[in-house]
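Please look over the structure below before reading on. My comments follow as numbered points.

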Amino acid sequence: MQYTLHLLRTGPHDLEGLDFERRVDRLRAAAEQRSLGAYLALQGGEGRFSPFKGGVQRLLRAAEAIPAEVFSAIAGFKWPGFTLVGTDRRYWHAAGTVNLPLEAAFRPSLWWGLTHETGHVLLKLHRPWLDFDARFVEEIETKTGRQAGTHLFNDAVDTISEIFLDIYDYTLFFRGRLECYLRSVWQYLETDLRSDPERLEALSIYALRSFFVVLKNRKRTDISGLKYGEVKTELDAFMRSLDTFAPGLAQELSAADLRSAVLEEFATYKAFASRMLESVSRANELYQAQVRRVRPQTRRALASVMAGRVFDGNFSASELVHDLNYERIKTGSHLSWKTELAALLSLCAGSGNFVRSIPEILSGRE
Ligand SMILES: [Zn+2]
């Protein structure tokens, strides 16, 4: 409810605030998932979690550690949403909630997608972050030649948000590990796009988004001023790297077609690069301040988790998940079940008091 009220107050033009059906759907799914393993009989406390049947409870609670941490660092207020598992097939956000795909459920090393989705919720709730105010709307109209209110204009706003969130995700949470980032994203996309052939059409946008990340990584802060020849050289190198990160996709596609599609899109969106980079660096300062407070503890937590032991202390949840992912990618293998479980229980133990029980979710109480 709080999320809806906030959206109606800050973004009355945003129809998501009025999407009550979806909101009710999310609430129902959240209550159902949380009721598995909760005492809901008359003699039990309402919504109290059972210590014996807590598998899904712990999972939901652990997954909430990441959005909760990101919100407290960047937005400065409590995340008014909750997590769901398997409600959507992929990482997804809707009505302020964040979904974890089913196959990632008990594997925190695959939770890297939560930070990008949390970014979407932040963007909706915390507008000054990348402000789509009247001036920005005008700027988008002028630079893209698309009129506000049209489908094409909305597509442009979506693409700008996605590029921005990919740069933000990479900068804040992958911290210069480009190979790790591209491998995580493109392995996921390869599976995702294969099971949904229509989405291949969207591939040029995904490639465009990653291309911006690559440029950011190369410290090309003057993205909008890059010469055509420089863009082509950078893009060629990026396209070659896709052969490694997503070999299946690379086989299916004409590299030349994809390359020219990305070049064309890049010409439209490069104009927004400096605004995005400024906002990302503001968010990064806020997040790094949080990370500096807990970093040595995070290192200890990671060592403990890798040894299969639960770490019961304060650490940066998103850092832990990204380091687990990094570890997996470095060794090219899956982490042991013991490590995944230790990570899950550590995130749950170190998660403080943000876990949302059924009455809290239904009443929308803080
Ligand atoms: Zn997104």
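This is a predicted model: local features need pLDDT of at least 70, side-chain atom pairs count only at pLDDT 80 or more; totals for chains, interfaces and linings use all residues.

1. **Helix H7 against helix H13.** Cys-180, Arg-183 and Ser-184 on the H7 side meet Asn-325, Tyr-326 and Ile-329 on the H13 side. By class, this contact has three nonpolar, two polar and one charged residues. H7 covers residues 178–194 and H13 covers residues 317–331; their axes come within 10 Å and cross at roughly 90°. That makes H7 roughly perpendicular to H13.

2. The average pLDDT of the chain is 81, and 79% of the residues score at least 70. Confidence is highest in helix H6 (residues 151–174), at 94. Strand E2 (residues 48–49) has the lowest confidence, with a mean of 50.

3. **Stretches to treat with caution.** Residues 44–48 have pLDDT below 50. Beyond near neighbours in sequence, this stretch has nine contacts in the model. Over residues 352–356, pLDDT also stays under 50. There the model has six contacts beyond four places in sequence.

4. **Overall make-up.** The chain has 366 residues, and 39% of them count as buried. It holds 15 helices and five strands.

5. **Helix H12 against helix H14.** The axes of H12 (residues 273–306) and H14 (residues 337–349) come within 8 Å. They cross at roughly 140°. H12 and H14 are therefore oblique to each other. The cut-off matters here: an angle has to be over 145 degrees to count as roughly antiparallel. H12 contributes Ala-301, Val-305 and Met-306 to the contact. From H14 come Thr-339, Ala-342, Ala-343 and Ser-346. By class, the contact has five nonpolar, two polar and no charged residues.

6. **The three-stranded sheet.** Three strands form an open sheet, in the order E3-E5-E4. The pairing is mixed. Which strands sit at the edges? They are E3 (83–85) and E4 (92–94), and each pairs on one side only. Direction ignored, neighbouring strands are turned by 25° against each other on average.

7. **How the strands pair.** E3 and E5 (residues 97–100) run parallel, with three bridges. Thr-83 stands opposite Val-98 in E5. E4 and E5 run antiparallel, and three bridges join them as well. In E5, Asn-99 has Trp-92 opposite.

8. **The E4–E5 hairpin.** E4 and E5 form a hairpin with two residues between them. Ala-95 lies in the turn and has a positive phi of about 50°. Most residues other than glycine have a negative phi. That turn is worth a look in the model.

9. **Side chains of E5.** Are the residues of E5 buried or exposed? Thr-97, Val-98, Asn-99 and Leu-100 are all buried. Thr-97 and Asn-99 point one way from E5. Val-98 and Leu-100 point the other way.

10. **Helix H4 over the sheet.** H4 (residues 113–125) lies across E4 and E5. It runs at about 160° to E5. Helix H4 includes His-116. His-116 counts as partly exposed because it has 19 C-beta neighbours inside 10 Å. The cut-off for a buried residue is 20 or more.

11. **What His-116 touches.** Leaving out residues up to four places away in sequence, His-116 touches Tyr-91, Leu-165 and Asp-169. His-116 and Asp-166 are 50 residues apart along the chain. Their C-alpha atoms are separated by 6.8 Å.

12. Arg-175 lies in the loop between H6 and H7. It has a positive phi of about 45°, although it is not a glycine. With 15 other C-beta atoms within 10 Å, Arg-175 is partly exposed.

Methods. Residues are numbered from 1 along each chain as its sequence is written. Axes are lines fitted to C-alpha atoms, for helices over the stretch in contact, and angles run from 0 to 180 degrees between N-to-C directions. Helices (H or I, at least four residues) and strands (E, at least two) are DSSP runs, numbered from the N terminus. Angles under 35 degrees count as roughly parallel, over 145 as roughly antiparallel, 65 to 115 as roughly perpendicular and the rest as oblique. Two residues are in contact if their C-beta atoms, placed from the backbone, lie within 7 Å. Ala, Val, Leu, Ile, Met, Phe, Trp, Tyr, Cys and Pro count as nonpolar, Asp, Glu, Lys and Arg as charged, and the others, Gly among them, as polar. pLDDT is the predictor's confidence in each residue, from 0 to 100. Two strands pair if DSSP finds at least two bridges between them. A residue is buried if 20 or more other C-beta atoms lie within 10 Å of its own, exposed if 12 or fewer, and partly exposed in between; C-beta atoms are placed from the backbone.
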